[in-house]
Structures are given as C-alpha cells and as structure tokens.
Amino acid sequence: MKKITNNTPTAELQALDAAHHMHPFTAAAALAKKGARVITRAEGVWLTDSEGHRILDAMSGLWCVNIGYGRDTLADVAAQQIRELPYYNTFFQTSHVPAIALAAKLAEMAPGDLNHVFFAGSGSEANDTNLRLVRQYWHAKGKPTKQIVISRKNAYHGSTMAGMSLGGMAGMHAQGGIIPGIHHINQPNWWVEGGDMDPEEFGVARAQELEAAILELGEENVAAFIGEPVMGAGGVIVAPDSYWPEIQRICDKYEILLIADEVICGFGRTGNMFGSQTVGIRPHIMTIAKGLSSGYAPIGASLVCDEVANVVGEAGDFNHGYTYSGHPVAAAVALENLRILEEENIVDHVKNDIGPYLAELWHSLGDHPMVGETKIVGLMASLALTPNKATRAPFKTAPGVVGYRCREKCFGNDLIMRHVGDRMIIAPPLVLTRAEADELIKRARKSLDECYADLVKDGMFEAP
Ligand code: PXG
C-alpha cells in the first residue's frame, strides 16, 4: 500500500477515511457523502487543514489543548521517556518514576486532602473507576446497600458503559440503555427550564431535587452525587450561584460522597486550577483528563481524598486497573504540561487577563438579534440562540437545526465554534491572546450575521 501523508490529496484521504475509519458521534453515511475535514498540523491556537486553511480552534481540540499546540518540550519529554522506559505497569506491587512524580505533583496541586491518584487512560475510564471506587468504599465501610450514584440529565461523564450511564445524554441512553444503580435529576439550565422563576430561586429548586432523590431512593442506598462544576458537553450550562452551595449542604447532611467531574473544568479552564474552586465545593473525588496533558497524550485520573483512599486501601485488593494506568510516556508528558501551566502562570492569565477580556467581548454578542443568554466562566462560554430574547422561546425547527446552520457558517469562516442543540459554545486554548480573542469574536459575529440573514431569507426567523 502506498504511503499516506499530509501531502496525499484531500479527496483520497477522505475516501480512505470513509471506507475504513469509524468516527465517534458521527452519522457515517452522511459523512461519507460530505467528506471529513482533514487536519494536518497546528500551532498555538491555529489549525491547518489539508486544503491549507488556517482555522482558529476555539474548542481547544475537544476542550483539551489548554497550553496550545506546538509545544516542543512535550515532544522532547515523550521521546526521552520512550527511550528510557516506554512502558511498564503499576500492578503487582511495582511502580515507576513518571507515575510517582505525577501522582505527587497532582496531590500537591489538588485542593483539600485529595492526596491520592488512581490513573486511567481517559476521562471515561476515570469515571468507571469512580463508580467502582465509591461502591467499594461503602462496602468496606459496612454499608453495602449504598450503591446508587445520582447524576444529572444532560451531564457528560464519558462514553464507556459506566461513563455513558453516569452521564445524562438522552441520545446516548437511547442506544442500548444504561446500567443499573444510577439515578438522574434535572440540570440547572435556567435558560431552557427556568420558567417564571428567577435564576437564583431556580438554582435552589434544582439543587433540592438532590435531597428529594436521596429521600425517595433511601439515604441508605445512595453512594454519591456526580456533577461537572460547569456542564461542558451539555452546552456550557452555568448553574445559578445559589446551586452549588445547596448541593454541598445536601451532600454534607446525608453524608454522600461528592464527585466533581473536572475533565473539562480542571487545569485552569474556569479561571482557577479546578472548577470546584470556582463554584466553591469540596469534592471527595475529582475526575481529571483532557487538560492534564493538554491532549498531548491520552491520560485521565481520579483524585481521591484521604478517607476514601484509606478505607478502600485497608479493605484488601481493589480489583480494578487498566494496562495503561499511569502510562510512563503519558505521565511524563502530563508532568511537563503541568510545569508549563505553572511556569507561564496560565491560570492567572485566564483569571485576570484573557478571561475578563474575552468575557466583555462575548457579552457584547448579546446585542445580536438572534442571541439570548451569553454565559462565560474563565475560557468556556456559550450563547443561547433564540427567535425571542424576552420569552426565551426556542426556534420552531427541531432543536439543533439552527445551531448546526450557525456552526456551518463558523466552519466556513475558519472558526471552530461548536453547537449543542441551539447553543453555540467555545472553549479556546488558555494561551489565547487579546488579538486572537478579537479575531475569534469578529469571526463569530460574522458567522452569526450570515446565519441570521439565511434564516430570515428562509422564513425561519420570526421576530417577536
Ligand atoms: N467527563 C467530562 C466532564 C467530559 O467532558 C469525559 C468525562 C470523558 O472523557 P474521555 O477522555 O473519555 O472522552 C468528558 C469528555 C463534546 C465532547 O462533544 C466532550 C467530551 C468528549 C467527547 C465529546 O463536547 N468530554
């Protein structure tokens, strides 16, 4: 077979892709007709595709390339580690330096007494670990009936069976069902579900659904609550300020474990090192991945508090683990990524410079005729598209039709801004500069304008 490279013609790459590569979350037949966009290289916040377009990546890949593309030292560290020790496992009472060093570093960085790290290959795997961990914890505590984990509709916790079941994505649940022992309450999405309540009142009401669920399921049956500090894949849904303090109160009152899924929020995304710090919660377990290595190597982990780690650790073997738990190359890359994150004060850049700068620009999009709510926390942000800002009405078309059209305009303007239903979302690399933020907003506004003009032309936008 002939060698396939960045210089292979796009049509050939697309044909091979369609013939042999099954894509995640993709309608294969539709993609085969259209042809995938082939990304060939990247630098900073900029992607290049096989047609030579320079694209502003306002999604950091898939919410992960926090320190930006093209970091040579990560390549050097990976090459060095592959030469020295490309693989060894962490089972059977063995360990290795990259896993030891990364675990110690994470314990130092994590808030509270999250002093213990269980490594995984991804966020999904880490959430599988968490489900097994909390159940084993309560078993070891002599409360084996405490097995149910409460989560939220529209949450994203991964795509493995446990991750998908913990998540609250109806479209995923519809394909094969979910595993037992997981219960979903409503999400704190005021824009869509707040009705006549004011946001803070709504936040408390939605948090109190946790209390109602615990009482209904029986306190003796509930192991944990899991939530993303800011819901990412669900559309950058920012809970009202009243929400998380009430969730914390309820977890404390009923002594259920709190799992913060920080796969997106972790490592600076929200303007603090962890999203839990931004929303003021004290989790017993954190799920981390993505920004842990800025996507340069696949790695995830569970950060675990003293109490849970000690109880599980004293109960005998925890019969769980992955071939690549603590993979030396991934761990070495993650360590170098964290070194850069700290050395370049990137979290401070988000909190005090580019975050507030982008926030002002982002909110300015609220004057667009099609934009309702504008939300931004650190460098994750969303726009609710609506035909009527006052009533927060949805479009008459099925959810996502308008969002998809808007995303296509963004693609056309060489901007990666995604849609979730009729919400537009961004999560750019944390190293975004002010000039790049200006460019991002310019392209976003142009795309909104073009989408709006088309909707008006097609009779799909009914002004109030
Ligand atoms: N938790 C959260 C909060 C996530 O966002 C995962 C767990 C799973 O991580 P892995 O590494 O197993 O993918 C995620 C992943 C999207 C999208 O469309 C988001 C994710 C993954 C794929 C698509 O926004 N987040």
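The model is predicted, so local features need pLDDT of at least 70 and side-chain atom pairs count only at pLDDT 80 or more, whereas totals for chains, interfaces and linings use all residues. Residues are numbered from 1 along each chain as its sequence is written, and side-chain values use heavy atoms, with hydrogens and water left out.

**Helix H6**
- The 18 residues of H6 should span 26 Å at 1.5 Å a residue, and the end C-alpha atoms are 25 Å apart, which agrees; the expected span is 1.5 Å times one less than the number of residues.
- At the start of H6, a side-chain oxygen of Ser122 comes within 3.4 Å of the backbone nitrogen of Ser124.
- Gly142, which follows H6, has a positive phi near 80°.

**Shell around the ligand**
- The ligand has 16 residues around it, of which Trp63, Gly123, Ser124, Asp261 and Arg418 come nearest; a residue is near a molecule if one of its heavy atoms lies within 4 Å of it.
- By class, the shell holds 6 nonpolar, 6 polar and 4 charged residues.
- Helices H3 (60-63) and H6 each supply at least two residues of this shell, and H6 gives the most, with 3 residues.
- At least three shell residues come from each of domain 1 (44-67 + 345-457) and domain 2 (73-343), with bounds taken from an automatic or database domain assignment.

**Polar atoms facing the ligand**
- Oxygen atoms of the ligand lie 2.8 Å from a polar side-chain atom of Trp63, 3.5 Å from one of Ser122, and 2.8 Å from an N or O atom in the side chain of Arg418.
- The protein covers 84% of the 540 Å² of accessible area that the ligand has on its own, as given by the Shrake-Rupley method with a 1.4 Å probe.

- Most residues other than glycine have a negative phi.
- Arg392, which is not a glycine, has a positive phi of about 55°, lies in the loop between strand S12 (380-385) and helix H16 (401-412), and counts as buried at 17% relative accessibility.
- Asp414 has a positive phi near 55°, is found in the loop between H16 and strand S13 (415-416), and is buried with a relative accessible area of 16%.

Key:
Polar contact = N/O pair within 3.5 Å; in protein donor to acceptor, adjacent residues only side chain to side chain. Helix = DSSP H or I, 4+ residues; strand = E, 2+ residues; numbered from the N terminus. Nonpolar A, V, L, I, M, F, W, Y, C, P; charged D, E, K, R; others polar. Buried < 20%, exposed > 50% of the residue type's maximum accessible area, 1.4 Å probe, protein only.
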